[in-house]
Amino acid sequence: MLIFPAIDIKDGSCVRLVKGDYATAHKVAENPLKTALSFKEAGAQWIHMVDLDGAKSAKPENSSIFIEIAKNSGLKVELGGGIRSMDTVDYYIENGISRVILGSAAVKNPAFVNAAVSKYGEKIAVGIDALNGMVAAEGWLDTSDINYIDLAKAMEAVGVKTIIFTDISKDGTLTGPNLQQLRAINEAVSCDIIASGGVSGIADIANIKALNLYGAICGKALYTGDLILKQAIELARDISKYFVKSELVPAIVQEKGTGEVLMLAYMNEESLKLTLETGYTWFYSRSRQELWNKGATSGHLQRVVSIHGDCDDDTLLVVVEQTGAACHTGNHR
């Protein structure tokens with residue numbers, strides 16, 4: 001599963017909304033390109049971007065920002081908002097945008113979607129934004145009488161390969177995604193489904209992954225610090241690759257602040273999954289043959305900052321923030 005960190009642009013600034021309400025817009029980062037580069041450094045391959053001004057005015061408003069990021073960040077850019085004509089689609093794709101999202105056009109001009117898909121294939125995605133199961137358009141300012149599943153099936157029929165689904169009532173709320181609706185749309189069509197709206201932390205990433213979706217968009221939780229991008233990307237990957245050679249892999253635990261090696265322990269697939277889901281280290285005891293959570297009894301927990309495999313994917317480097325002593329002797333390490 002892919003993780004899509006998000007940047008929404010309004011008046012040239014990085015902002016987030018709550019439930020699509022423009023009146024709730026608040027700035028979350030200073031510089032769009034620097035923010036995108038930080039996502040790249042964390043391991044992201046794609047970035048999800050929205051022209052909020054364009055979504056409202058039905059025309060591109062911040063195009064120079066998106067093109068700059070496409071050219072200079074090293075990320076693939078998925079872009080929506082204000083894309084209502086083939087000229088706009090052509091302009092963005094010719095200037096390096098990897099995937100263009102058609103939203104309101106899917107409701108109001110399906111012939112345009114058909115033409116765009118015929119010309120650009122998988123570079124065209126459709127955004128389906130729903131409130132109480134009914135599709136919204138025009139920057140979420142208008143609600144239609146079209147059910148989100150019905151629109152998804154119609155888009156599948158014209159050849160759309162990727163659908164970004166948002167439950168508006170969840171967007172920007174940090175209350176978790178609408179798993180029921182995501183499951184329903186994923187089962188209803190063969191398109192790749194990207195979940196959007198409500199992601200609050202690493203547990204939501206695990207829940208979305210369990211639905212076998214193509215991707216998940218993460219926005220507000222990244223900016224509040226409730227979700228660590230590196231951790232989300234690692235969980236979204238297929239962790240079974242680390243256990244091809246052995247059921248156990250050594251995990252070297254390093255302190256973030258000092259770079260000191262705190263300990264060496266072993267992980268199996270279950271303990272690594274728990275580590276990723278909870279954000280704290282879990283290991284497998286070879287002597288007791290059971291899982292154990294570092295610091296569960298002492299309170300000396302290890303909060304995970306990042307996890308990386310070595311070049312052979314048979315050893316893990318776990319970077320943590322250590323509370324108290326790491327060693328059972330009472331020493332820091």
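Visitor: Is Phe283 buried, partly exposed or exposed in this predicted model?
Guide: The structure is a predicted model. A residue counts as buried when its relative accessible area is under 20%. Phe283 has a relative accessible area of 0%, so Phe283 is buried.

Visitor: What is the class of the ring pair formed by Phe283 and Trp292?
Guide: A pair of aromatic rings is described by the distance of the centres and the angle of the planes. For Phe283 and Trp292 the centres are 5.1 Å apart. Planes under 30 degrees apart count as stacked and those over 60 as edge-to-face, with the rest as tilted. The planes of Phe283 and Trp292 stand at 40°, so this pair is tilted.

Visitor: Is Trp292 buried, partly exposed or exposed?
Guide: The limits are under 20% for buried and over 50% for exposed. Because the relative accessible area of Trp292 is 24%, this residue is partly exposed.

Visitor: Which residues are in contact with Ser271, leaving aside its neighbours within four places in sequence?
Guide: Ser271 belongs to helix α12, which spans residues 269–278. Its relative accessible area is 0%, so Ser271 is buried. Beyond four places in sequence, the contacts of Ser271 are Trp282, Phe283, Tyr284 and Leu291.

Visitor: Where in the chain do the two rings of the Tyr148 and Phe165 pair lie?
Guide: The model has six aromatic pairs. In the pair of Tyr148 and Phe165, the ring centres are 4.9 Å apart and the planes are at 35°, so the pair is tilted. Both Tyr148 and Phe165 are buried. The pair links distant parts of the chain, 17 residues apart: Tyr148 is in helix α7 (residues 148–157) and Phe165 is in strand β10 (residues 162–167).

Visitor: Which residue of β12 is the bridge partner of Phe4?
Guide: Phe4 is linked by ring pairs with Trp46 and Tyr214 into a cluster. Strand β1 (residues 2–10) pairs with β12 in the parallel sense, over four bridges. Within β12, the bridge partner of Phe4 is Ile217.

Visitor: Which residues of strand β12 are buried on each of its two sides?
Guide: In a regular strand the side chains alternate between the two faces of the sheet. Strand β12 comprises residues 215–218, and both of its faces are covered. The buried residues are Gly215 and Ile217 on one side, and Ala216 and Cys218 on the other.

Visitor: Which residue stands opposite Gly215 of β12?
Guide: Strand β11 (residues 192–196) runs parallel to β12, joined by two bridges. The residue opposite Gly215 is Ile194.

Visitor: Which are the edge strands of the open sheet of four strands?
Guide: The order of this sheet is β14-β13-β18-β17, with mixed pairing. Its twist averages 25° from one strand to the next. An edge strand here pairs on one side only, which is the case for β14 (261–267) and β17 (302–309).

Visitor: Which residue of β18 does His308 stand opposite?
Guide: Strand β17 and strand β18 (residues 316–322) run antiparallel and are joined by seven bridges. In β18, the residue opposite His308 is Leu317.

Visitor: What is the handedness of the crossing of α1 and α3?
Guide: Two packed helices are described by the angle between their axes and the distance between the axes. Helix α1 (residues 32–41) packs with helix α3 (residues 63–72) at about 35°, and the axes are 10 Å apart. The crossing of α1 and α3 is right-handed.

Key: Residues are numbered from 1 along each chain as its sequence is written. This is a predicted model: local features need pLDDT of at least 70, side-chain atom pairs count only at pLDDT 80 or more; totals for chains, interfaces and linings use all residues. Side-chain values use heavy atoms; hydrogens and water are left out. Buried means under 20% relative accessible area, exposed over 50%, partly exposed in between (1.4 Å probe, protein chains only). Contact means heavy atoms within 4.5 Å. Axes are lines fitted to C-alpha atoms, for helices over the stretch in contact, and angles run from 0 to 180 degrees between N-to-C directions. A crossing is left-handed if the near helix is turned anticlockwise from the far one by less than a right angle, and right-handed if clockwise. Two strands pair if DSSP finds at least two bridges between them. Rings of Phe, Tyr and Trp (its six-membered ring) pair if their centres lie within 6.5 Å; planes under 30 degrees apart count as stacked, over 60 as edge-to-face and the rest as tilted.
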